[in-house]
Amino acid sequence: FFCTYEGHDDPSDHYADEVGNILKSLTIPVVKLLASVANPFSSPPRTILSECATPRCKHLISCRVLFVGRYVFDESQFILHQSDDSFVVAGKDYGAVEAYKRLLTTFKQEETPDIDDLASIDSCSSIVHVLSFTDDTASYFVDFATKIGLDEDFAREEFDSLIANSMVPSNDGNESIVMDQEDKHELTMETFRTFCSAHNVDNKGVRKVAVKFMKHRTQFLREKIARARLDLSKSDWYVFP
């Protein structure tokens, strides 16, 4: 109740402070267990608590169970590399999940056949999910792309490129056409999935990453400066500054 209640008329009517104090008093394994409990009163029913909690409480839960509120480390292959002054670990980045979900909600389903006409549809027909171009769509994509490490300007260029090259089946179902950016302004789900796959983002918005821990702050600052000079827009790989 504490995690899911929020007054509709009064934004300050919530129990986020109480939830935060409770979470601080619990161990991480216990918080993970509670966060995975199914809520029978949620909509849809039996959604786990970490998914149906209010935005404030969801953030508090994430900060408690994720490293810096963002990462989960892979215990099966925890340390990928180790030296006297640093070590690198494998993990999963949940920092872009909400931006990913928000972007997916703007996809719409097109060419959905009428249920009475299913018998007349040939085997080449298909259902296409497309993302119509709006100002919100562009900002949602840029928000998602920057959270997985792309520069903002490069993210906008990627968005324009993806729209220009989205492939949609033609009316007869036998050929594909390239959507002209000034004509249709749509991005197919298939093209978006390809973009995500190229950046190691799965179908839940989670990205595989490697996180480096350094012993000396001077070395950290020097490496941060060196990485900031990289021109990532012309590379096939991405390094977080």
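Author: A salt bridge is a side-chain nitrogen of Lys or Arg within 4 Å of a carboxyl oxygen of Asp or Glu. The model is predicted: local features need pLDDT of at least 70, side-chain atom pairs count only at pLDDT 80 or more, and totals for chains, interfaces and linings use all residues. Residues are numbered from 1 along each chain as its sequence is written, and side-chain values use heavy atoms, with hydrogens and water left out.

Reader: How many salt bridges does the structure hold, and with which residue does Lys147 form one?

Author: There are six salt bridges in the structure. Lys147 pairs with Asp143, and their closest N and O atoms are 2.7 Å apart. These two residues are four apart in helix H6, so about one helical turn separates them. Helices (H or I, at least four residues) and strands (E, at least two) are DSSP runs, numbered from the N terminus.

Reader: Which salt bridge joins Arg102 to another side chain?

Author: Arg102 meets Asp143 at 2.7 Å, N to O. Because Arg102 lies in helix H5 (residues 97-104) and Asp143 in helix H6 (residues 135-147), this pair ties together parts that are 41 residues apart in sequence.

Reader: What of Arg156 and Glu152 in helix H7?

Author: Their side chains form a salt bridge of 3.3 Å, N to O. In helix H7 (residues 152-164) Arg156 and Glu152 are four residues apart, which means a separation of about one helical turn. By contrast, salt bridges with shared partners join Arg102, Asp143 and Lys147 into one network.

Reader: How is an aromatic pair described?

Author: A pair of aromatic rings is described by the distance of the centres and the angle of the planes. Rings of Phe, Tyr and Trp (its six-membered ring) pair if their centres lie within 6.5 Å; planes under 30 degrees apart count as stacked, over 60 as edge-to-face and the rest as tilted. A search of the whole structure finds nine aromatic pairs. Phe67 and Phe213 form a tilted one, at 5.5 Å centre to centre with 55° between the planes. Phe67 lies in the loop between helix H4 (55-65) and strand E3 (71-73), and Phe213 in strand E11 (residues 207-214), so the pair ties together parts 146 residues apart in sequence. One aromatic cluster comprises Phe67, Phe73, Phe87 and Phe213.

Reader: Is Ser86 buried or exposed?

Author: Ser86, in strand E5 (residues 86-93), is buried at 10% relative accessibility. Buried means under 20% relative accessible area, exposed over 50%, and partly exposed in between (1.4 Å probe, protein chains only).
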